[in-house]
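Me: I am new to this structure and would like to learn how to read it. Could we go through it one feature at a time?

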Amino acid sequence: MATVVVEPTVAERPWFLRRPRATTGWVSWLTTVDHKRIGVLYGVTSFAFFLIGGLEALLIRLQLARPNGRVLSAEAYNQVFTMHGLTMIFLVVMPLSAAFFNFLVPIMIGARDVAFPRLNAFSYWVFLAGGLFLYSGFLLGGAPDGGWFGYAPLSVRLPGPGMTFYALGLLILGISSTVSAINFAVTIINLRAPGMSLMRMPVFVWMTFVVSFLLVFALPVLAVGLVELFFDRRFGTHFYNPAGGGDPILWQHLFWLFGHPEVYILILPAMGIVSEVLPVFSRKPLFGYPVVVFSGIAIGFMGWGVWAHHMFAVGLGPVANSAFALSTMFIAVPTGVKIFNWLATLWGGDIRFRTPLLFALGFIAQFIVGGLSGVTHAIVPSDYQQTDTYYIVAHFHYVLFGGAIFGLFAGIYYWWPKVFGRMLSETIGKWHFWLMVVGFNLTFGPHHVLGLQGMPRRIYRYAPNMGWDLWNFLSTVGAFLIALSVLVFLANVVWSWRRGRTADPDPWDARTLEWSIPSPPPPHNFDRIPVVRALDDFWHRKYAEDREGRLTPVVAGGAQAPEASAGPGAHERSEGDEQASSEYGSSGHASTGAEHGSGRHGIHMPSPSYWPLVTALGLPVLCYGLIYSAALAATGGLILLAGLYGWVTEPVAE
Amino acid sequence: MTGERRTARRALRWGVALSLLVLLSACARNAPQDALEPAGPYARQIDTLFNWVFWTAAGVFFLVEGLLVYAAVRFRHRPGRPTPVQVHGNPRLEIAWTIAPAALLAAIAVPTILLTFSLSRRPADALDIEVVAHQFWWEVRYPNEQVVTANEVHIPVGRPVFVRLTSVDVIHSFWIPRLAGKQDVRPGAVTHLTLQAEEPGTYLGQCAEYCGLSHANMRLRVVAQPPDQFRAWVDQQRAPVVAQPSEAAMAALQRGGCAGCHTLNGVEGFGAPSVQTSTVGPDLTHVGSRQTLAGATLENTPEQLAAWLRDPQAMKPGNDMVIPKLTEQEVEALVAYLESLK
């Protein structure tokens, strides 16, 4: 694709096919194909959804603060808890991870963009469209109200339009994730800088790689289930209707065959972030890099063989239950290995308690709790008591909030200076961390007790004499502490924007390639494509290590000296490197498939385009049409086709 | 740096607080639906296994969190500290901490699988009961005793009860935490569960699989009785209604369209319950003898019953009981009659 350079013929095209040229202003954001800007769009959008999902959580906690709560009606409560789950999973943790993939992966592997930049923009717009589509249910007669795993046949029989929005909305979001996963897998396979062998990739890139494969294989399974659900609802088919020869359990198998890999899709990126943060702030390499990588891969494979542990109480029989109990216990092993390797990374280090590290430590401490309660779920008989209670609510919040969200916050604090060129406040950051830790544990710790004391999940009210009052009240107090901590974070953002110190290229004295370029990075990332000679290549350019593992700063007057007093910082590459870089760099780049165009420094960068946005807009229109009218569906289809037509007939760059 | 020492101290304090929370969770009391207070052998076997795993997990928790806190405190940055030795890994250690958890898990797996199989068997001397789940109530049938009731499962103390479960609409889950684990109840399939109570008493439970608008209002209870009292209860339930409705009550029953969904064994125009087929609404032949109403969400008092009859949708949103608005006289007549049906 890239080797054929079509000469631009702008003047000959009618106005509506003319290429956007803006590099600033809102049009530039609508048409950008720059992976960094798309990353920022993903981050901002998913954070907005995080605030919405958080408000829904506060409503839930207000309703449950006292017995027989009257804040919400049963109808509203069921929509709110369903949307809270859908939001946090599909509109927060997944796209927030995608924000990090987008911004970081190309830079970390020494590339100038992803393999398919316009497809990348398309993924973002489809994600936004899917999120808005899902939420539009609130205005159109009811949001999804069947729980995030939408068990059939309830999901078919619920009277409001909500579960139709659910089926189509998740299909749209699935398209976004699938497309972006393919993009990242191809990017990581093909666009690595010279010398960046697989086993020299940062762990975060490895985790992105594993997650990309999980997404590509898991989402089609969900898509099958969702299409069948939509058909059952819209056209009266009987996929999940036992009276018509269907089987409700089919949905559960399809959903959890997607759903369990999904759990690792949510947690592995955060594990990758923690694996980047710990070494930097303990000033030691990651302990057992190959083992951590291999554990991630092992989890990726084993994650496919445990889905029925979500279904122990369904009645699959003792043989199936025992088999899935065993596989579930085994998957705890590579997870445990990761924790021990992180501990060993800290061990003997020179640990600096900056905010990113605090969040990473919070991740480990709380993930351990979630992991251990996970093991109690693998004990089939014990799970007969715990499943579908607040105990499981506690478990997955310890994994997905105490784990994933804390890991993502570690990443936000760690890479903020790189993305925005300004430091966040350490003081405000520490307030944020401690408030969030206290709030989180106060909210979800009591859920363990509630679940064991018999409180089922998804109940909009409970009787006063159940012994649950105190724990529910404490949990609600905790939820408001979490909300306060999020406000503190927003204050930190404002502080950084107004007063934050300008960030150096390498403010943490870090190890990976993104810290070797300015903050924020220029559109083309690297003036010269780097040549990688080792794992943590950037670190080894700054420090030499002797046989006993002692560090000595490499003496050179680098322009990118970090703040740390420990060493004079980055040194310039040696003569040989320069040569290799220009040799491999140019040819390496030409063969990468990054689109050509005239950018600065004679570097070809892809041009902005309207078509990803137009194409993405077609999807929600098409889906509204599937609900309301064939004409609207046809219109959506036409928009989609028009978008694709414009896309394929447009030169990749001009 | 004092700031960092403070951080470390705070981390330590937090670790202690978290541990206390875990301990508290182990000794919670006074909850009638508490899985940690088993009242029969099936729930107790689960509880024993859970306790075993819980304390093992607690040990792992203190070990690993302890190591984390220790490392954070011991290796915190202090001025003048030499740069750390760059350790890249240690295969022997890593193999050790792969094998150790694997061994621990294997040890837990053995009793898990044994109990999973033993819980799935039907005990030879079991009493057979069928439970049919509806949105949002439980129909309870005793096929050998020819008894049908709702939301209240009477069982004899000391005898295992084998419950066959099915649903007429969506998936529900049958759960009496103090007597057994939960079992999903599926349309188009029959699942089963064994429970047993050691002492007479009332044991609370509720639907544990989200089943729609009033999932929260789909509760039930088990009443465990000494065998002779259980026999007496069976005899009482098999009998037709103890009294015929007054004229006013009959008129109200007719205007409410009650016979469309409910059965009243022995009243003209109403069918009798059958252990073979489900009815749309609960059998009312002995409704006055039950402890609760409306999916065990209301105490069975005249006031509550009246409130229910005035507006069933307000008491339990989304339930199938859609009736014309009854007058106060009709409500009064119905309450008087239904409460008399012991």
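Me: How many residues does helix α15 of chain A have, and what span does it reach from its first C-alpha to its last?

Reply: A note before the answer: this is a predicted model. Helix α15 of chain A covers residues 469-499, which is 31 residues. From first C-alpha to last it reaches 45 Å, close to the 45 Å expected at 1.5 Å a residue.

Me: Which residues of α15(A) are buried?

Reply: Start with the general idea. An α-helix has 3.6 residues a turn, so residues three or four places apart point the same way. In α15(A), the buried residues include Trp471(A), Ser475(A), Ala479(A), Ile482(A), Ser485(A), Phe489(A), Asn492(A) and Ser496(A). Others among them are Asn472(A), Thr476(A) and Gly478(A).

Me: What do the buried residues of α15(A) pack against?

Reply: They pack against two helices of chain A, α2 (35-64) and α14 (426-452).

Me: Why does Ser475(A) count as buried?

Reply: The test is a count of neighbours, and 20 or more other C-beta atoms within 10 Å are needed. Ser475(A) counts as buried because it has 25 C-beta neighbours inside 10 Å. Leaving aside neighbours within four places in sequence, Ser475(A) is in contact with Arg61(A), Thr443(A), Pro446(A) and His447(A).

Me: How should I read chain A as a whole?

Reply: Look at its secondary structure, then at burial, then at contacts. Chain A has 19 helices and two strands. Of its 654 residues, 62% are buried. Among contacts in chain A with a separation of 6 or more, 79% are between residues 24 or more positions apart.

Me: Which residues touch the most other members of the largest nonpolar core?

Reply: They are Val274(A), Ile364(A) and Ala410(A), in a core of 283 residues. Helix α3 (residues 74-108) of chain A gives the most to this core, 23 residues. A second, separate core has 19 residues, including Val241(B), Ala249(B), Leu264(B) and Met315(B).

Me: What is Ile364(A) in contact with, leaving aside neighbours within four places in sequence?

Reply: Ile364(A) is in contact with Val274(A), Ile339(A) and Trp342(A), and also with Leu68(B).

Me: How many residues does each chain bring to the contact between A and B?

Reply: Chain A brings 84 residues and chain B brings 79. On the side of chain A that touches chain B, α10(A) has the largest share, with 14 residues. By type, that side of chain A divides into 49 nonpolar, 23 polar and 12 charged residues.

Me: Do β4(B) and β10(B) run parallel or antiparallel?

Reply: They run parallel, with five bridges joining β4(B) to strand β10 (residues 219-225) of chain B. Glu152(B) stands opposite Arg221(B) in β10(B). Strand β4 (residues 152-156) of chain B is mostly covered, as four of its five residues are buried.

Terms used: Residues are numbered from 1 along each chain as its sequence is written. Chains are lettered from A and ligands numbered from 1 in the order in which they are written. This is a predicted model: local features need pLDDT of at least 70, side-chain atom pairs count only at pLDDT 80 or more; totals for chains, interfaces and linings use all residues. A residue is buried if 20 or more other C-beta atoms lie within 10 Å of its own, exposed if 12 or fewer, and partly exposed in between; C-beta atoms are placed from the backbone. Two residues are in contact if their C-beta atoms, placed from the backbone, lie within 7 Å. A nonpolar core is a set of buried Ala, Val, Leu, Ile, Met, Phe, Trp, Tyr and Cys residues joined through C-beta atoms within 7 Å. The expected span of a helix is 1.5 Å times one less than its number of residues. Ala, Val, Leu, Ile, Met, Phe, Trp, Tyr, Cys and Pro count as nonpolar, Asp, Glu, Lys and Arg as charged, and the others, Gly among them, as polar. Two strands pair if DSSP finds at least two bridges between them.
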